[in-house]
Amino acid sequence: MLSRKSNAATLTYLGEGAQFEGVLKVRGQARIDGRVQGTVIVEGDLEVGPKGEIEGELVQAVNVQIHGTVRAQVVAQEKLMLFKTAHLEGDVRAKALDIEAGAAFIGRSHTGEPRALPQPEP
């Protein structure tokens, strides 16, 4: 029988070939290797694999790593990393932005300032 530790990080995985449409809300970490049409909100870190694709209004997480394709506004509470295979179309808000040579980024970025990030709701 499998047991879950209450302090263990949860990983939500959307595998290659899988498709999701709508609003995806995740506690813990998430990795997308399939296709998401809609909004993605992750309370932890998000990684979009080389074959992963997100198209929608908003992608939000603590740290975001993109190896695949994202067409959406991206909000990273900490760091957004675009790797050489990444293709991002959309505006970015993050504390830090790291773009590897070869990555494609089409949009505007607001980084390094606390006011660049959405404020928590009261």
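Biologist: In this predicted model, are R27 and E43 buried or exposed?
Modeller: To count as exposed, a residue needs a relative accessible area over 50%. R27 and E43 both belong to that class, so the word for the two is exposed.

Biologist: How far apart are the closest N and O atoms of R27 and E43?
Modeller: Side chains of opposite charge can pair when their charged atoms come close. The cut-off for a salt bridge is within 4 Å. R27 and E43 form one, and their closest N and O atoms are separated by 3.9 Å.

Biologist: How many residues apart in sequence are the parts that R27 and E43 tie together?
Modeller: R27 sits in the loop between strand 2 and strand 3, while E43 sits in the loop between strand 4 and strand 5. The pair therefore ties together parts whose separation in sequence, in residues, is 16.

Biologist: Is D33 buried or exposed?
Modeller: D33 meets R31 in a salt bridge, N to O 2.8 Å. R31 is partly exposed, at 24% relative accessible area. Buried means under 20%. D33 has a relative accessibility of 10%, so D33 is buried.

Biologist: Which residue forms a salt bridge with E55, the closest N and O atoms being 3.5 Å apart?
Modeller: The partner of E55 at 3.5 Å is an arginine in strand 4. The partner is R35.

How values were computed. Residues numbered from 1 in each chain as written. Predicted model: local features only at pLDDT ≥ 70, side-chain atom pairs only at ≥ 80, totals over all residues. Heavy atoms only, no water. Salt bridge = Lys/Arg side-chain N within 4 Å of Asp/Glu carboxyl O. Helix = DSSP H or I, 4+ residues; strand = E, 2+ residues; numbered from the N terminus. Buried < 20%, exposed > 50% of the residue type's maximum accessible area, 1.4 Å probe, protein only.
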